[in-house]
Number of protein chains: 2
Amino acid sequence: MSNNIDCVEKGPLTQDYLKKMDAYFRAANYLSAGQLYLLDNPLLREPLTMDHVKRKIVGHWGTVPGQNFIYVHLNRIIKKYDQDMIYISGPGHGGNFMVANTYLEGTYSEVYPNISQDVEGMKKLFKQFSFPCGISSHVAPETPGSINEGGELGYSLAHAFGSVFDNPDLITTCVVGDGEAETGPLATAWHSNKFLNPVKDGAVLPILHLNGYKISNPTVFARISHEEIKKFFEGCGWKPYFVEGDDPMTMHKLMAETLDTVIEEIKAIKKHAAETGDTTRPIWPMIVLRTPKGWTGPKVVDGNEIEGTFRAHQVPMSMEKPEHLEMLKEWLLSYKPEELFDEKGRLVPELAELAPKGNHRMGANPHANGGLLLRDLRLPDYRDYAVDVKAPGAIEAQDMIELGGYVRDVFKLNQENRNFRIFGPDETMSNRLGKVFEVTKRDWNNAKVDNDEFLEADGRVMDSYLSEHMCEGWLEGYLLTGRHGFFASYESFIRVVDSMVSQHAKWLKVTSELPWRQKVASLNIILSSNVWQQDHNGYTHQDPGFLDHVANKKADIVRMYLPPDSNCLLTVFNHCMRSKHYVNVMVTSKHPRPQWLTMEQAVKHCKQGIGIWDWASNDKGSEPDVVLACCGDTPTLETLAAATILHEHLPELKIRVVNVVDLMKLQPSSQHPHGLTDVEYDSLFTKDKPIIFAFHGYPTLVRELTYLRHNHNLDVHGYQEEGTITTPFDMRVQNQIDRFDLVIAAVSRIPGLGSKADYLCQLMRDKLVEHKQHIADYGVDLAEVSQWKWHSIAE
Amino acid sequence: MSNNIDCVEKGPLTQDYLKKMDAYFRAANYLSAGQLYLLDNPLLREPLTMDHVKRKIVGHWGTVPGQNFIYVHLNRIIKKYDQDMIYISGPGHGGNFMVANTYLEGTYSEVYPNISQDVEGMKKLFKQFSFPCGISSHVAPETPGSINEGGELGYSLAHAFGSVFDNPDLITTCVVGDGEAETGPLATAWHSNKFLNPVKDGAVLPILHLNGYKISNPTVFARISHEEIKKFFEGCGWKPYFVEGDDPMTMHKLMAETLDTVIEEIKAIKKHAAETGDTTRPIWPMIVLRTPKGWTGPKVVDGNEIEGTFRAHQVPMSMEKPEHLEMLKEWLLSYKPEELFDEKGRLVPELAELAPKGNHRMGANPHANGGLLLRDLRLPDYRDYAVDVKAPGAIEAQDMIELGGYVRDVFKLNQENRNFRIFGPDETMSNRLGKVFEVTKRDWNNAKVDNDEFLEADGRVMDSYLSEHMCEGWLEGYLLTGRHGFFASYESFIRVVDSMVSQHAKWLKVTSELPWRQKVASLNIILSSNVWQQDHNGYTHQDPGFLDHVANKKADIVRMYLPPDSNCLLTVFNHCMRSKHYVNVMVTSKHPRPQWLTMEQAVKHCKQGIGIWDWASNDKGSEPDVVLACCGDTPTLETLAAATILHEHLPELKIRVVNVVDLMKLQPSSQHPHGLTDVEYDSLFTKDKPIIFAFHGYPTLVRELTYLRHNHNLDVHGYQEEGTITTPFDMRVQNQIDRFDLVIAAVSRIPGLGSKADYLCQLMRDKLVEHKQHIADYGVDLAEVSQWKWHSIAE
């Protein structure tokens, strides 16, 4: 928007302007209440009858007027300062407020032309709200201008910070509900200000909306003293401004003045930082806004006080009693719609001009439809990072260290674009991505001391805060505003954000069905420090069930990869970073492991996602006696070891080794776009030969994914919730995924082996006894196991 | 413990006593370091060689000395004030500190006689730590005195508050790591003080341990100003005391004086409240303890500073370099073990007497082994709450309202024992448990206003804080200290605590294998507001996957129930409340629903857990043509409706309806103690007849649980991640679990029906079209559906 010197908002604040703002506020309140109640007669130009009213009134009113109030004030600020701003609504419901405001400013009708700015459009606007086949009652993907869904609570502030990283001109206003403020993720998110760079990032303006109540309880923040609230926020590093009251005109003046102060403070902070390069953590301003719940709505219904009480949380009144019809009419008419909308049902011009224009309207701001701004990452050629594998198993490497080199160069290539960050709860070193510190640092805008490593206010590694919620929330906000990144987590503790990831997958599913929403970069999650090797951690750190969790989400959104070595990881990672609008989960190893495939082989293998490893099989394309399938680094290692034992003792046995990288290949093609057809599946796994499947996670997942396949002669070995502090090999033994148990399983399922089978099984059981005794004595694995090397069985 | 007037701790604090405390501190540090490094030669009475040292050094040192310091000081306080106290250790690792201290005070050897208080025992103590077949490196179920595992972080403070509810004489000291303090669950838990009753509850003494670092990053709390820390805690309603420094003797004096002040303040608060009955929220004291990370350990190793830096987080040095052996020796000898342990290797008597005696030792306090204190709940006869069901479907009721009556009377019967509370994030009314407010209130110790409902400082309904983390954490702490309760949650948002519940299930599994740990009451979770009816909520509120999550845990710990009506819910709930040491998940309905079983039938049905509903079947014990199976309230309703349609159109068809209450009945008896044998399963489901299974959750779970059964002629209908704001019936249609789709599915799988089948399928498809049009027009379900009544098909 050009700097319009005629803009009235740039002049002094007048009573006339405040009155217009109040009229705009009333228009938004009218439209919000109308959405709750009306099916027809949207401007009450006919006598209101029950036929005009929805039969079932479902939705929320409590939070709505306060947010309408905020929205109109932000409109003024945007115009006054030519400010780039988006609005994140934290409270769970009240989506009608944002629909009302984006409708008033015109963006709603641009996105949904059927909901036009006239009486007919308003009627449709009202009917669709919280109505079957319509829109949801909370701010949702369908709502223009939103990147935060008002369903599950707690993530608004983290999303807000994610949106302003590397967006120096953007201010994201984040309205935090006082109910939401009680959740853990929100409670810790106040500290996000320690990770903001005043030069290179934008600003977040939190508005704690002290509405007073949750569903039927008061909120804690509303019932502690002014002094405690003030200290709390000052302790969190904020400078709180209080805007409190219930008289609209008084409140308009106070809010406008406070917003001017606050925005000018933000601008002053940024100006100082930009001019001096001083990135010292500033004390950013925020607002505590106390307004009555259900403000301006019915005061008393059926003898109960409504406005200002918990009873205003949902709808002030149901429409089961006829006398409520009159009350509804009075309430709606109290906003004086006749002054607000012209004959055609359109907002009158002198109010319409209060809204910003074009992309400065918060409903149209491209940051809130991040795909519009998305630029592909510049990615190095992953083949350049190949581990040189002369022969399968000939060398060892640490997959995550190799990946670290590639990620380092992603940082290099995108240094200028500033559109790539990585996220993790203080696990970058532990997850072996340390090479990234050759080119960037950790983001940290707090005091530093001599012994610190890799900290700076301009760091792009977001790993200096120990909260999976914050990592996930920041990343989601960063992705949804059109940038790239990934989250590297310990496998077990990604479960802390099960629900957040699920909510994000739901967001992606719904937005993928909205043509006006542009696709964003995928949510990429790397799970290292996986269940199979924990050393000094133990049972609490073992949980491979995130895969099961993600597998239940919509097939067009989720993908899961378990690369068995470094070259496969590089290939898969590169693929995921190029993809859009998926949740990609990669499970990797960080410890030294044998490397199996050359880069050329890895590319082919990962492209197929699943395949026979000829070099580890001796069936020569004929029907094998047994299929040894494996998925994940540890299962692959043990499967290959089992294959060599089987071959040594039963050289006549035809063994086929199948490795799975892309887990969803197992599912039928009818259920997942990656799934193999039954013909393809049978050609790998046969229709009836025994399959001994060593799987990284819970065995149940493989059984489920292959449920509809022909071959149920399937024995899946995986994690059984056994083992704690112990050696890597002992973990495998305790869960029967070790080579000896795999051999026993195979031999037991292959018919006709006779006494050779008995002999081999006994030998394996002896090995297991020897192992147990050895680790009890020495605490380390048998040399035979830890020094085992692959030797080919293919003749 | 009797009030021993000779107790030296009751006199003035002397320099001599402080010196003894320092010696005790050194003994604990010695034992903690010894656990990390030594295999043998525990008191260094022979020259130290590499043979005496563990080959792989795994564990943590950083947090240990600070916690040893706290422990010895709490010992003094316990003796001085005859104080009942337990210790919760929040930091993730450093379990060696608690092992060391419980060993010094004697409890460790009482629990594990093999680890005796002599040289031989000390050698075993050292070897077992973080060693295969030994104990884990964090505070764990195996650690005496612990109710909080140091694995996943964030729950210590919520556990601490759970432990003191209804324990007026108990003080739980909760050491919060500054890393842990960054997690969301911990960040919100500071506000637990608003729910503490100074008369009827005990007190929590939080000690924020400002160790300075996490894994390789500094912590935020360690790098904000003193003023910000102070304000933060004051804002959270605490009075912080600071104990900061690094000289042990100076710190001993400061800590001892501060603890005296703090304990006396707590006692004064409680005295005032007890005497006056004034429960006004007091400002409780807390301590901020700043000590160097790895305090008293090696200063510099290989040129890197260790003490006071992030490098002290794990072990100060590996033992790969020979020169480290000498450093290790010097470090260990710096604690002067020769002054601390007698010839036999036992702590010298003048130090041993610093520990409290008997159950006042924190390792022996029965609150930390809550099963010792567990008293059965007094439960009313659930049959007295029966819904009078004259015939299946003859009346409607709301299952959760009926349950509310029963729960109300559980409160009544246990009023004096004060050992039962319920937990939920402001959802008691929404989940229809409102009858409980006839006898108790919500726990709330904050300002109140006239319009509030059911708030009081002595309430037993813990639903006034909007955080699933807090509910779950409080409840876990309450259960682990020997009391009873349940958590009622919206089904979808229980996923917020997926990982917490998983960690608790792991705790139960491990403790069930420890003979000295007594069983505690089960963790009972009721999921209402389930996926199938959300009204104004929508897609974000739909997630039945908690069942899948729990199903992956150990079979001896987890149970899942889906009662189809009120009488079944009452039966199941009563069973769960009597059970011990399980995680019981109950999925229920809260909306008006037809009632199917008399109480007598319900008791029988729930006892079996699964069964043929004869009154809904017409196979008369012969082999049916189709099995209609159902699990969950909505699936049961639609299955019964489908049965009536099938019967009406195809009266010759032999239909069997099987209802599942106890989900784990589906799993083979070899895998779950509740599982049916194959013979039992086949007698219900047949070996090959089509099963149309309508399931509450994701279809994958039923397929998985029945994977090893004979009959794979199975078509599972369940939630497919479809539908948002819509009517209850439309949700079913969108996920194909509605009666019409079930009929189509059945008819399609039954061979030999010919043209009748085609006709019926077409009819059903017409119904689906009619339904779609109807809800688009009116937003409510077809009258045919919403007014449908069951009529018997059994002749």
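Predicted model: local features only at pLDDT ≥ 70, side-chain atom pairs only at ≥ 80, totals over all residues.
Trainee: Which residues make the contact?

Mentor: H14(A) brings A:His469, A:Glu472, A:Gly473 and A:Glu476, and H15(A) brings A:Met500, A:Val501 and A:His504. Contact is a backbone-based test: C-beta atoms, placed from the backbone, lie within 7 Å.

Trainee: Staying on chain A, what does the domain assignment give?

Mentor: Domain 1 is 17–372, domain 2 is 399–593 and domain 3 is 609–786 in chain A. Those bounds come from an automatic or database domain assignment.

Trainee: How many residues do domains 2 and 3 of chain A put into their contact?

Mentor: Domain 2 of chain A contributes 25 residues and domain 3 of chain A contributes 27. On the domain 2 side, helix H16 (546–551), strand E15 (558–561) and helix H17 (566–578) of chain A each supply at least two residues. Taken over C-alpha atoms, the centres of domain 2 and domain 3 of chain A are separated by 29 Å.

Trainee: Now the two chains. How many residues does each give to the contact?

Mentor: Chain B gives 95 residues and chain A gives 96. The elements of chain B with two or more residues on its side are helices H7 (184–189), H8 (226–235), H15 (498–512), H16 (546–551), H21 (699–705) and H24 (755–778).

Trainee: Sheets next. What is the strand order in the parallel one in chain B?

Mentor: The order is E1-E2-E3-E5-E4 of chain B, an open sheet of five strands with parallel pairing. Strands pair if DSSP finds at least two bridges between them. Averaged over neighbouring strands, with direction ignored, the turn is 20°.

Trainee: How many bridges hold E3 and E5 of chain B?

Mentor: Four, between strand E3 (residues 203–210) and strand E5 (residues 284–290) of chain B, in the parallel sense. One of the partner pairs is B:Leu210 with B:Arg290 in E5(B).

Trainee: What does helix H6 of chain B lie across?

Mentor: H6 (residues 156–164) lies across E1, strand E2 (170–177) and E3 of chain B, and runs at about 180° to E2(B).

Trainee: And the sheet with mixed pairing, what is its order?

Mentor: E18-E20-E19-E21-E22 of chain B, again an open sheet of five strands. Strand E18 (610–612) and strand E22 (714–717) of chain B each have a single partner strand, so each is an edge with one side left without a neighbour. From one strand to the next the twist averages 20°. Strand E19 (residues 626–631) and strand E20 (residues 655–660) of chain B run parallel, joined by five bridges. There B:Ala629 stands opposite B:Val658 of E20(B).

Trainee: Which strands does H23 of chain B touch?

Mentor: Helix H23 (residues 739–749) touches E19, strand E21 (691–695) and E22 of chain B, and its direction makes about 170° with that of E22(B).

Trainee: Back to helices. At what angle do H2 and H9 of chain B pack?

Mentor: About 50°, with the axes of H2 (residues 64–81) and H9 (residues 248–276) of chain B 10 Å apart. That makes H2(B) oblique to H9(B). B:Phe69, B:His73, B:Arg76, B:Ile77 and B:Tyr81 of H2(B) meet B:Met255, B:Ala256, B:Leu259 and B:Ile263 of H9(B).

Trainee: What about H1 and H3 of chain B?

Mentor: H1 (residues 15–37) and H3 (residues 95–105) of chain B pack at about 125° with axes 8 Å apart, and H1(B) and H3(B) are therefore oblique too. Residues that meet include B:Ala27, B:Ala28 and B:Leu31 of H1(B) and B:Phe97, B:Val99 and B:Leu104 of H3(B).

Conventions: Residues numbered from 1 in each chain as written. Chains lettered and ligands numbered in written order. Contact = placed C-beta atoms within 7 Å. Axes fitted to C-alpha atoms, helices over the stretch in contact; angles between N-to-C directions. Parallel < 35°, antiparallel > 145°, perpendicular 65-115°, else oblique.
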